[in-house]
Amino acid sequence: MKKIFLSVLPLVYIIIVGCKGQNKLAYTMQTSSIDVKVDSILGLMTLKEKVGQMLNIGLPSVLKGDYWDARDSASFDDKKFQKFIVDYAVGSIHNTPQYLAGTDEWYQIVKKIQDASMNHTRLKIPVLYGIDNIHGANFIKGSVLFPHQIALAATWNREISAMNGKITSYESRAASLPWNFNPNIDVAINPLWGRISESFGEDPYLISEMGSAYVKGSQGESLKNPENTAICLKHFVGYGAGRNGKDRANALIPENSLRQYFLPPFKKAIEDGAKGVMISSNAVNGIPCHSNKHYITDILKGELGFKGVVISDFSDVEFLIEMHEVTASKREATKMAVNAGIDMLMNPYDIDVVDYIVDMVEKKEISMERIDDAVSRILKLKFELNLFEKPYNNPKDYPDFGSEKHIAANYNSAAEAITLLKNKEAVLPLKKGKKILVTGYAANSLNMLNGAWSRTFLGQDTKYNDPSKLTILNAIEKEVGSNNIEYVEGTNYTEDVNTADAVSKAKNADYIVVCVGEMPATEKPSDINELDLPQAQQDLVKKLSVYKKPIILVLLQGRPRIIREIEPMADAILMAYYPGEEGGRAISDVLFGTINPSGKLPYTYPKYSGNAVTYYHKKADIRDVNWGYDGFYPQFEFGFGLSYTSFEYSNFSIDKDSFKGNDALKISVSVKNTGNREGKEVVQLYLKDIVASVAPDSKRLIRFEKITLKPNQSQTVEFTIDSNDLKFIGMENTWIVESGDFEFQIGSSSQEVLKKQINYKQ
Ligand code: BGC
């Protein structure tokens, strides 16, 4: 094997590639056009080489031992390595070696793979490594563990989402990992769904805005910059809408809902340059997304104009057989997926799909055009990421990895996410010098701050926890001294441990801080049968309430677990989501007032599991037993969150009395900080279509802005909208606008709003 660079034109080089006994081949390496380079390589590839590019295997497939074996080093298996990386020249790899590798170890792993693929394969094409950076570069030792996405959504701060994306990219690239299987822009409409923590919540507009900011922050101006990663939007489409709320459950999504709610976040992220899309493992209307040509080829690649790489989710070709039962043969399942428009198959364990595809192309069951489309997209991304020239990065070039600067950004993210849901008689901030009982399953656990995808898949293992990070208990002790603190675990996730002990200690406490929540989990292990917070944890709160001491309830959870019965016993409630590694500090700083909370709920928090509707329901959904329309009574509404200061909204004005055609409308409101400390407020603008040919939503978020105000300071917030904002999916399943009356609602949550109605004519 040899590699000779010839300077042919000033900016054009040729790589000569060849193997013993083969003709020498050449492809254009450095021209200004990536498309020329891609075509040049494509022209040289054998069918098997092309199909090899379409395979994404799991790293453990080339390591010693069985795939899921626990390991403490990434020891490559020579035979498997030769087969996957060299003989089949696989295009992509994902996953971890099943232990927590640091940047130096990752460098060695990726270098070994890239050196082989770039020196010992005929075409010397680098491998594209993808990884689940769900909340920070969570599979790299020493990286910052950010709050989960649901908490980012609760900041309602686009800059924070962008910053999370940027730092995650940087820390991922420090480990030579250039492709991030994130963000998750599923619309989480079923509160039972176990991956709500990984999502931006229930609202298509909030998801679009926060998702797009994350994409821009991650990918930056150019992927050539070795601090940026390509992202992979997921999961296309409807994963968060499973009918029974279980992982990968069938979703029923009529076409108008698909277009109205589920596609817009993808549309926006694609317009903003997203480079990858992962297909959802579930079925929608009984049709598995992985075999849905209409969704992938017609809508995603066609209507939404997606030009990047479409990858399947883990083992989903096999799931077409085992889980979806749409075929009994792997060959057929592979054909369905490729013909539906999937470019890369995440087939973690074996290579058989390559052989099937080669055979099916030869037999014309899959067209060569389809293969060329897939391979071009993959090669293009590799060029965009500059992998041909820089297939791995030296960790030493990333001095900010895990730095104080990144830790500070992490703390700020948690600080802006925490959402104050109740504060009776201003019990918070807590006064110092008082006796505090700290109790509950989540009080002294780093895992409960970090959630799933934290060093390990489920995030339940304590062995990789960073001892320098503070649990909620540690942070409170640091703040007020351990002499003032009593700690009793109380319960574990579902069972009583020593509730009686906690109750007896409550007697002498001035405050009781109870930290409850749900065990970190994702995918199948995160399935639940009821939304209620486990009984043992609720009982702890109930028993603690006997002394009528102020109870501060801290919630550590992804989903909104039902707390109806214990809510009245709590004087204050803090929703902390999974706030990440700096979450203990941030929670304590909110409790003691160093941070003035400014998070707002990114979903409707239901009071009853049998009445879990999104805030953008139809009027018919909330008809009550008295024939009225009072059937919407969540525990806390979408967009809700208190502050230690207060804000007053006034001068709500619209610059026209009516509007028509493409007129722009300026909508403004004045917001004043009427309290005595600086605070941040999220100004939210909603639209209510009064009458429409398709039953209109109760309201829809159409703009928001987070502002900071000092005491007594006022600011006028102005939003510009036009007829595009009035559009909805009509009877023909296309976006339409209708003349009529529209109500604009502006305020600090989806329920506390000022309203103004205006007429629009087409
Ligand atoms: C998950 C994806 C993830 C993939 C790779 C799948 O099981 O559904 O979200 O990106 O695994 O780890």
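A polar contact is a pair of N or O atoms within 3.5 Å; within protein, one must be able to donate a hydrogen and the other to accept it, and residues adjacent in sequence count only if both atoms are side-chain atoms. The model is predicted, with local features requiring pLDDT of at least 70 and side-chain atom pairs counted only at pLDDT 80 or more, whereas totals for chains, interfaces and linings use all residues. Residues are numbered from 1 along each chain as its sequence is written, and side-chain values use heavy atoms, with hydrogens and water left out.

In the side chain of Asp313, an N or O atom is 2.6 Å from an oxygen atom of the ligand. The corresponding distance is 2.4 Å for Asp132, and a polar side-chain atom of His235 lies 2.8 Å from a ligand oxygen. The protein buries 93% of the 310 Å² that the ligand exposes when taken alone (Shrake-Rupley method, 1.4 Å probe). Residues surrounding the ligand (a heavy atom within 4 Å) include Arg195, Lys234, Arg248 and Glu523.

An automatic or database assignment divides the chain into domain 1 (33–391), domain 2 (410–621) and domain 3 (645–761). The C-alpha centres of domains 2 and 3 are 33 Å apart. Eleven residues of domain 2 contact 19 residues of domain 3 (heavy atoms within 4.5 Å). Four salt bridges are counted between domain 2 and domain 3 (a side-chain nitrogen of Lys or Arg within 4 Å of a carboxyl oxygen of Asp or Glu). Lys706 and Glu416 form a salt bridge, with their closest N and O atoms 2.7 Å apart.
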